[in-house]
Amino acid sequence: RANVDAQKPVYVKVALSPTSIENAKLNMQTELPGWDFEGTIAQADQAWEKALAKVDMESSDAKAKKIFYTALYHSMIAPTIYSDVDGKYYGPDKQVHQADGWVNYSTFSLWDTFRAAHPLFTYTEPERVGDMVQSFIAFYEQNGRLPVWNFWGSETDMMIGYHAVPVIVDAYLKGIGDFDAEKALEACVATANIDEYRGIGSYKTKGYIPYNVADKYNSENWSLSRTLEYAFNDWSIYTLGKKLGKPESEIAVYKERAMNYRNIYNPERKLMVGKSDKGVFNPNFKGTDWSRDFCEGNSWHWSFCVFHDPQGLMNLMGGQDEFNVMMDSVFVIPSKMGMDSRGMIHEMREMQVMNMGQYAHGNQPIQHMVYLYNYSAQPWKAQYWVREIMNKLYNAAPDAYCGDEDNGQTSAWYVFSALGFYTVCPGTDQYVLGTPLFKSVKLHLENGKTVTIDAANNSCENRYIKSMKLNGKNHTNNYLTHDQLMKGARILYQMDAVPNKSRGINKADAPYSFSAE
C-alpha cells in the first residue's frame, strides 16, 4: 500500500469461469491479455456500434432515437454465454461438459422471451440462435427436460410453460441453426409428457388443469394459465412434427391437445375461467381478480392467450363482432388493485397509473393482444392502440418502462412494433401488422439483404395505414412473412389521420390461425 502512487490509476482485471480456476485464467489470457484500458473501452464501443447498426433508424427526434436504441440494446443483453473459451461449461447435472462446435448459453427467461425477443434474434442475431437451441438440447440431455427458466447451468423453474419448445420450432421453421431437429423433437415430446410436473398429468387426462388440485412444485396454482400455455406448446410440437414429416398417427395427440384452451372457456362470461377437478367453473370467479388461477394477471389478460388459434377463440366468443366487443372492453373495464398469492405485484400498480383499463403492458401475457384486431377485420384499432402504447408506456428516462424489462421481451415488443409488425404466434412465418413509428428505417440482415421501411408522411396523428406496397406491389395482407423480409424488402406506407376501414378486412388477408387450416 505504501508503494501505491495516489496520483495514478490502479487497474484490476477479473476473470470468471463456470468450471475451474484454471479456465478462468485461460479465459482472461484469451479474451483480455493486455492492460489497455482505453483500448478495451473502444473495442466494447465498436462491438455495440456494430450490433446496434443492424437497425438504421432515421429521425430528427433525439428522444425517439434514444428510446428505440435503448430498447434494441436491452434486447441484446440476454441470454448470456455460459461456457469457457475452450467450450467447457457446467451443466444442470452438476458435471462439466464440452461444447464442440457450438457455444453454450444460459439465462433463458423463456416465459417472457419466447414471445418477441427470440423471434427478434432471428433477424438481429441469427448466428447465435442455433447455439441457443443446441444449448436447450444439451440441457435436456443432462436434465431430462427442456429448460423453463435456466440460470448459470441450473433450472430455477420460475414462471410456467416450457417455452423452449416454440423457440426451437420458430428457429427450425425459419431454417436457422445447424442442430439435430429429430433430437429437438424428442426433447419437446419428453418435456410435454412428464405427468408429475406442474399439472401435465391432469392436463393430458382432463384437457385442463383443475384449480382446486394442489401442486407440489410451488404454492401458486396458476391452473388456467398453465392450461393455455400447454395448449400452445402442444401446437408447437405438432407443427414441428408435421414439418419433419412425422405420420399423423404419431403427432395427432398434440393437434388435439392444442385445442384444450376451449375446455376452460366459459360462454356465459365470454372469458377463460378456472375449472375444478369435477368440471365446474370456479364459483368465486371475477374477471378483474388476480386470483390463484392466473399467473400474474387476471382473466382479461389471459383470455386472449391463444396465440396459435385466434380464429378459434373468435368463434368461441360468438364471431367477429362479439370478439371485437371483448377486445374493446379490455381498455374500458376499470383497473383495480390486484393481489396474487404473494401480495401486491408492481405490474398492477403500473396498470392503474397508465389508465388504460385492463391493459397491463408491463406484464407479458397481454402484449400481443392489440394485434389480434387484424384477425377480426378491424386492423385500424391495432394501429391506434400500438401507437398509444409506444407513445405512453416507453420513455427516455430511468423509469421509462411500464414494468419489468424481463430479459429483453418488453424491449423486443417495442423494436418490432416500431418497425411496424409483431410476432403474435412464434412458430409461424408471419408477422402481424401494426403501424410503423418512424418515417424511415433500414433493417440490415445477416445475409446481406436490407429491409427498407418508408412512411414519409408518418406522424403522431398520421398513425393509420391508408395503403401499403411491398416491393412496388399493393399489399393488402395484414401480415408480412419471414421469407418476404429475408429476401430483402422495400415496404412503402401511405399514412393517414383517418382509419382506412376498407383495407385488410377480408379473411383472406388475415394472419394464420390453426382453425383455418
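Mentor: Helices (H or I, at least four residues) and strands (E, at least two) are DSSP runs, numbered from the N terminus. Asp157 is found in the loop between strand 7 (154–155) and helix 7 (164–173). This is a predicted model, where local features need pLDDT of at least 70, side-chain atom pairs count only at pLDDT 80 or more, and totals for chains, interfaces and linings use all residues. Residues are numbered from 1 along each chain as its sequence is written, and side-chain values use heavy atoms, with hydrogens and water left out.

Trainee: What makes the phi of Asp157 worth a remark?
Mentor: The phi of Asp157 is near 60 degrees, a positive value in a residue other than glycine.

Trainee: Why is Asp157 called buried?
Mentor: Buried means under 20% relative accessible area, exposed over 50%, and partly exposed in between, with a 1.4 Å probe and protein chains only. Asp157 has 17% relative accessibility, so Asp157 counts as buried.

Trainee: How do you know that the bond from Ala78 to Pro79 is cis?
Mentor: Omega of that peptide bond from Ala78 to Pro79 is near 0 degrees. Pro79 lies in the loop between helix 3 (62–74) and strand 2 (80–81).

Trainee: How do you know that strand 15 (residues 450–454) pairs with strand 19?
Mentor: Two strands pair if DSSP finds at least two bridges between them. Four bridges join strand 15 to strand 19, so the two count as paired, and they run parallel. Thr452 has Arg490 of strand 19 as its bridge partner.

Trainee: What about strand 16 (residues 464–470) and strand 19?
Mentor: Six bridges join strand 16 to strand 19, so this is a pair as well, running antiparallel. Here Met468 has Tyr493 of strand 19 as its bridge partner.

Trainee: What makes strand 1 (55–58) and strand 17 (473–474) edge strands?
Mentor: The open sheet of six strands has the order 1-14-15-19-16-17, with mixed pairing. Strand 1 and strand 17 each pair on one side only.
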